[in-house]
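Student: I would like to learn how to read a strand in its sheet, starting from the general idea and then turning to a particular case. Could you take me through one?

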Amino acid sequence: MEQRPTVTIVLPTHNRANTLARSMASVLCQTFQDFHLVVVDDASTDDTQALVESFNDPRVLYKKLTDNVGGAAARNIGIRMARGDYVAFQDSDDEWTCTHLE
């Protein structure tokens with residue numbers, strides 16, 4: 001049985017492959033490591049999927065939506081995918097310091 005992480009980080013994105021790598025890297029560098037990252041791709045038409053897959057990190061879950069539903073609905077989809085006890089939100093054009101979750 002898979003162990004539940006303490007925190008689920010939900011990161012919705014739409015056509016932001018140019019900023020998403022920095023955003024994801026800032027989450028994955030956290031000093032508090034008991035988390036998983038749910039990237040909800042809100043029907044992007046850029047290289048978002050390839051970028052997310054390039055991280056090749058088991059903590060990253062990727063959900064590609066076929067229709068653009070908007071940021072709020074994409075966050076709600078991420079919440080439904082959450083396995084952690086707590087949920088945190090990250091924007092695809094934002095960066096965290098490595099101690100943010102700590």
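This is a predicted model: local features need pLDDT of at least 70, side-chain atom pairs count only at pLDDT 80 or more; totals for chains, interfaces and linings use all residues.

Student: How do strands of a sheet pair, and in which order do the four strands stand here?

Tutor: Strands of a sheet pair through backbone hydrogen bonds, and the pairing may be parallel or antiparallel. In this structure four strands form an open sheet in the order β3-β2-β1-β4, with parallel pairing. β3 and β4 (86–89) stand at the edges with a single partner strand each, so one side of each has no neighbour in the sheet. From one strand to the next, the twist averages 25°.

Student: Over how many bridges does β2 pair with β1, and over how many with β3?

Tutor: Strand β1 (residues 7–13) and β2 pair over seven bridges in the parallel sense, and Thr13 stands opposite Asp41 of β2. With strand β3 (residues 60–64), β2 pairs over five bridges, again in the parallel sense. There Val39 stands opposite Tyr62, the bridge partner of Val40 is Lys63, and Asp41 stands opposite Lys64.

Student: Which helix belongs to the β-α-β unit of β1 and β2, and what is its handedness?

Tutor: Helix α1 (residues 17–28) makes a right-handed β-α-β unit together with β1 and β2. The chain then crosses from β2 to β3 through helix α2 (residues 48–54), and this β-α-β crossover is right-handed too.

Student: Are the residues on the two faces of β2 buried or exposed?

Tutor: In a regular strand the side chains alternate between the two faces of the sheet. For β2, Phe35, Leu37, Val39 and Asp41 lie on one side, while His36, Val38 and Val40 lie on the other, and all of them are buried, so that both faces are covered. Buried here means under 20% relative accessible area. Because seven of the seven residues of strand β2 (residues 35–41) are buried, the strand is largely enclosed by the rest of the structure.

How values were computed: Residues are numbered from 1 along each chain as its sequence is written. Side-chain values use heavy atoms; hydrogens and water are left out. Buried means under 20% relative accessible area, exposed over 50%, partly exposed in between (1.4 Å probe, protein chains only). Two strands pair if DSSP finds at least two bridges between them. A crossover is right-handed if, with the strands pointing away from the viewer, the path from the first strand over the helix to the second runs clockwise. Axes are lines fitted to C-alpha atoms, for helices over the stretch in contact, and angles run from 0 to 180 degrees between N-to-C directions.
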